[in-house]
Amino acid sequence: MKKWMKISLAIVAVAIISSLAVYKFYINKPHKDIEHATPDFTLNSMKLYKEYTANKKHSDSLYNGKVIELSGKVDKIEVTDSMVIAVFVFSKGDFGDEGIRCTMLPKFNEDAKKIMPGTTVNVKGACSGFNDSDVILEKCSLIKD
Amino acid sequence: MKKLFFLAMLIMLASANLFAQKYITKNGKVSFYSDGEIEKIQATNDQVSAAIDTSTGDFVVKILVKSFEFEKALMQEHFNDDYMESDKYPNSTFKGKITNLSDVNFSKDGTYNANIQGSLTIHGVTKSVTEKGTLQIKDGKIIGTSKFDVTLSDYNVKIPSVVSKNIAKTVQINVAFSMGAVKS
């Protein structure tokens with residue numbers, strides 16, 4: 001094989017491999033694995049809610065988009081058509097009970113349904129902010145001690 | 001006479017309570033669809049709070065931008081970081097009223113057309129909007145749905161020219177709220 005052919009073949013191979021890599025690791029990269037992520041913050045549920053209601057802007061700058069592990073007493077478990085939500089209630093307002101709402105990852109739905117109100121749990125999830133009624137945590141998992 | 005007065009008061013209070021009722025959801029669904037020249041993009045948010053006051057027609061919707069879920073993580077990242085700047089503008093809201101309240105009989109099952117007027121805040125920009133929707137009254141619940149268009153430039157959402165063919169200039173928004181009564 002001529003030298004120029006070898007070189008162009010190598011260039012083509014590198015181009016194919018790198019574009020596949022770009023596709024897999026950049027364009028098609030997976031969503032963040034919240035369940036196995038190390039929490040950016042570990043705190044008490046009441047503390048998170050109080051901080052958000054006292055200063056939303058500052059709390060957003062700290063917590064919004066971050067992985068948070070919460071501990072606290074669950075007040076109720078809500079079950080919708082497709083979701084199970086662990087709710088920490090701290091207040092009552094225009095939107096009924098207000099507090100922190102943790103939407104479970106589907107694989108934790110059955111375990112979450114068994115939580116009795118008043119039980120202290122550790123929940124890890126991604127915080128998507130405060131809508132002036134509730135702090136929302138998503139993709140939550142139950143942490144067993 | 002006194003008894004009668006009390007009875008009348010009681011009935012009035014009871015009926016006022018019956019009509020002055022609030023219906024809410026905290027897991028309403030809002031999705032949008034962008035039909036770009038190159039690709040179609042869809043995202044859904046099922047963590048939307050909405051409340052309707054059937055006596056005044058007041059209607060409030062609260063959305064957290066980061067709760068929109070995309071099929072591709074990269075799209076979600078661009079949506080949050082580049083277009084919606086969700087760190088800077090984490091909330092989107094709608095505050096308004098149903099303007100044809102007299103056409104809706106909240107105590108009778110059925111599907112009613114609703115005209116909605118109010119202010120929509122996206123990306124820190126508030127615009128007044130008038131949209132149409134339907135209210136379905138069924139088994140003590142109110143299911144509100146609407147479909148409308150949002151032009152991104154109205155809300156100062158900038159799409160870089162490199163990807164201008166990937167993202168539609170006007171996106172279609174679909175909302176579905178199944179609201180239950182709150183006892184006050």
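How many residues does the contact take from chain B and from chain A? The legends below start with that view of this predicted model.

**View 1. The contact between chain B and chain A.** Here 28 residues from chain B meet 31 residues from chain A. About 2,400 Å² of area is buried between the two chains, and carbon and sulfur atoms give 51% of that area. Look out for B:Lys26, B:Gln47 and B:Lys62: these residues supply 26% of the area that chain B buries against chain A, more than any other three residues.

View 2. One of the salt bridges joins the side chains of B:Lys22 and A:Asp94, at 3.9 Å from N to O. On chain B, the side that touches chain A draws at least two residues from each of strand 1 (22-35), strand 2 (40-53), strand 3 (58-64), strand 4 (69-70) and helix 2 (73-83). Sorted by class, that side of chain B has 10 nonpolar, 8 polar and 10 charged residues.

**View 3. Helix 2 of chain B and its cover.** Which residues of helix 2 of chain B are buried? They are B:Ala73, B:Leu74, B:Met75, B:Gln76, B:Phe79, B:Asn80 and B:Tyr83. An α-helix has 3.6 residues a turn, so residues three or four places apart point the same way. The cover over the buried residues of helix 2 of chain B includes helix 1 (3-27) of chain A, along with strand 1, strand 2 and strand 4 of chain B.

View 4. Is B:Glu85 buried or partly exposed? With a relative accessible area of 28%, B:Glu85 is partly exposed.

**View 5. B:Asn156, another residue with positive phi.** For B:Asn156, phi is near 60°, again a positive value in a residue other than glycine. You will find B:Asn156 in the loop between strand 8 (141-151) and strand 9 (170-182) of chain B. B:Asn156 counts as partly exposed, at 41% relative accessibility.

**View 6. The two domains of chain A.** Chain A is divided into domain 1 (1-30) and domain 2 (41-143). Taken over C-alpha atoms, the centres of domain 1 and domain 2 of chain A are separated by 46 Å.

Notes
Residues are numbered from 1 along each chain as its sequence is written. Chains are lettered from A and ligands numbered from 1 in the order in which they are written. This is a predicted model: local features need pLDDT of at least 70, side-chain atom pairs count only at pLDDT 80 or more; totals for chains, interfaces and linings use all residues. Side-chain values use heavy atoms; hydrogens and water are left out. Contact means heavy atoms within 4.5 Å. Buried area is the accessible area (1.4 Å probe) that two parts lose on being put together, summed over both. A salt bridge is a side-chain nitrogen of Lys or Arg within 4 Å of a carboxyl oxygen of Asp or Glu. Helices (H or I, at least four residues) and strands (E, at least two) are DSSP runs, numbered from the N terminus. Ala, Val, Leu, Ile, Met, Phe, Trp, Tyr, Cys and Pro count as nonpolar, Asp, Glu, Lys and Arg as charged, and the others, Gly among them, as polar. Domain bounds come from an automatic or database domain assignment. Buried means under 20% relative accessible area, exposed over 50%, partly exposed in between (1.4 Å probe, protein chains only).
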